[in-house]
Amino acid sequence: MTTPDPSTAHAAVTQPEEADRLRGLLRSRPYQKALVLSAVIGVPVSLAAFFFLAGLHELEHLLWAGLPARFGWSLPPWWWPLPLLTIAGVVVGLVVTRLPGAGGHIPAGGLHTAGMAPAALPGVILAAVASLPLGATLGPEAPLIALGGGLALWFRNLARAPGTPQSMALLGAAGAAAALSAIFGNPLIGAVILIEVAGVGGPQLFAVMLPALLSSGIGSLVFTGFGHWTGIATGSLSLKLGVPFPRLDAGDVLWSVLMAAVIAAAVHLTLSTGRLAAIFVAGRPVVHTALCALAAGACAAVYARAVDRSPADVASSGQSTLAQLAADPHTWGVGALVAVLLCKGLAYALCLGSLRGGPIFPSLFLGAALGVLLAPLPGFGVVPGMAAGMAAASAAALRLPVSSVVLVVLVLGSAAMIPVVILAAVVAFVTAELLPPGRPVPPVGRPAGPPDARPAATWDDGTERDAGPRKRSSR
């Protein structure tokens, strides 16, 4: 008679238990109420996020196009970012020291889903309005996450719904996902980002996910084609676009992997510099924030003087500049690409540690610019270079490999580059995780809640430093 395998017996017992636990959760009244409330708050949170983004866009257009045009300039002059970013630094410094919540999370600490108290929302909005339209090299996703989560909790308080830590976490994540869909124009990417940022599965989630992601990326070459292999036709949920994409070959795959490792090291250095800037700012928030912002403006001014292009190429999130680069990459000479990589990379690091915003769009642009710069390598191409560069840079900056793949595929509007996108994201993620951790991001400003809700110092990946050994990224 054979002895049953203990691991098999344990799995047989565990799976029904997990299924019963899920059924019990779905049948529980508090969870059902949280689902209903999540559905209800989706509409007002999305509307608030839309008008918030629209206001940021209009103000940015006024400052960087309307006002220069009134003075007769077709482009902002080279010195234009200096006063704007100095003002941004002073305002953000005052918000950090005077208002609850310190204007939101420090971008160098990564994305967070911790529910932002409703009392912190004025500071978050004011810091974002002072940072993003005035030239911070950051994106709007972090303020949107804080805005969506904070509004969700505010609506819960308004409805006087009973709250538990679990329901508050669910509502905060739901509000953040609804707000993110406004910027990405797709509800899927918001949900995927929130799943990875929350890190519900801990390190085991990423340990299981990476092999599956890597295997699917290699396997997708069977369908997309490789070299002389034409690929096998298969069904697709994406729209058929009339944009020609090159067929991948060995050079594209090889250079994408090598480039991803280099990008991961460069992004790690940039984030480390951002954390040093955050430590510098923590000493004297108002003065030092203004100095860091002025230095970021100086990067944009040097770039504009050196290559005779708009300083907005550096002093912005990079979202519109990325569209210009993708539309006609050949208008960017080698000198302009090198200059924007150096100047925008340094401005990005300074803003990560001082101003308020998110890390996604600058990393996408920097990765795409490096891909275009390296496209002339033998066997490489512009489209694979941009795709791999964006995937590697976003995966290294966010430490969210699946979200980075989904985001880049969404940006490209095609599944043709999925193999190199997945390979670059996985290689960059693994490389970034294996690099040594740097110094933690210090807490700043006034807490928006009770003393036990004060922000803790975080490791490079956004994990609380005093929460024990270094754990999985909360980004």
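Which residue forms a salt bridge with R309? The partner is D313, and the closest N and O atoms of the two lie 3.2 Å apart. The structure is a predicted model, in which local features need pLDDT of at least 70 and side-chain atom pairs count only at pLDDT 80 or more, while totals for chains, interfaces and linings use all residues. Residues are numbered from 1 along each chain as its sequence is written, and side-chain values use heavy atoms, with hydrogens and water left out.

**Salt bridges**

- The count comes to 2 salt bridges, each defined as a side-chain nitrogen of Lys or Arg within 4 Å of a carboxyl oxygen of Asp or Glu.
- In the pair of D313 and R309, D313 counts as buried because its relative accessibility is 5%, whereas R309, at 24%, counts as partly exposed.
- R399 and E433 form a salt bridge through their side chains, with an N to O distance of 3.2 Å.
- This pair links distant parts of the chain, 34 residues apart: R399 is in the loop between α15 (382-398) and α16 (401-412), and E433 is in helix α17 (residues 418-434).
- Helices are DSSP runs of H or I with at least four residues, numbered from the N terminus.
- R399 counts as buried because its relative accessibility is 2%, while E433 counts as partly exposed at 23%.

- Most residues other than glycine have a negative phi.
- R399, the salt-bridge partner of E433, is a residue other than glycine with a positive phi, near 60 degrees.
- D308 is likewise not a glycine, and its phi is positive at about 60 degrees.
- With a relative accessibility of 69%, D308 counts as exposed, whereas R399 counts as buried at 2%.
- Helix α11 itself covers residues 285-307, has 23 residues and reaches 33 Å from its first C-alpha to its last.
- That reach is close to the 33 Å expected at 1.5 Å a residue, where the expected span is 1.5 Å times one less than the number of residues.

**Contacts and separations along the chain**

- D308 and L75 are 233 residues apart along the chain, and their C-alpha atoms are separated by 10.0 Å.
- G345 lies in helix α13 (residues 334-354) and is buried, with a relative accessible area of 13%.
- A120 is found in the loop between α3 (81-98) and α4 (121-131), and at 0% relative accessibility A120 counts as buried.
- From A120 to L99 the C-alpha distance is 7.4 Å, at a sequence separation of 21 residues.

**Cavities**

- The count comes to 3 cavities of 30 Å³ or more.
- A cavity is a set of points, on a 1 Å grid over the protein atoms alone, where a 1.4 Å probe fits but cannot get out; lining residues have an atom within 4 Å of a point.
- The second largest cavity holds about 70 Å³ of space, a volume being the space filled by probe spheres set on grid points that are joined across faces, edges and corners.
- Its lining consists of G103, G104, H105, V124, A142, P143, A146, R356 and G357.
- Helix α5 (residues 141-158) gives the most to the lining of the second largest cavity, with 3 residues.

**Surface**

- V43, L47, F50 and F51 make a nonpolar surface patch of about 440 Å².
- Such patches are made of residues with over 30% relative accessible area and no salt bridge, with nonpolar side chains (Val, Leu, Ile, Met, Phe, Trp, Tyr) joined within 5 Å and like charges within 9 Å.
- The accessible areas come from the Shrake-Rupley method with a 1.4 Å probe, and for residues only the protein chains shown count as cover.
- V43 is found in helix α2 (residues 29-70) and counts as exposed because its relative accessibility is 54%.

Key. Helix = DSSP H or I, 4+ residues; strand = E, 2+ residues; numbered from the N terminus. Buried < 20%, exposed > 50% of the residue type's maximum accessible area, 1.4 Å probe, protein only. 1 Å grid on protein atoms, 1.4 Å probe; cavity = no way out; pocket = protein on both sides within 12 Å on 5 of 7 lines; lining within 4 Å.
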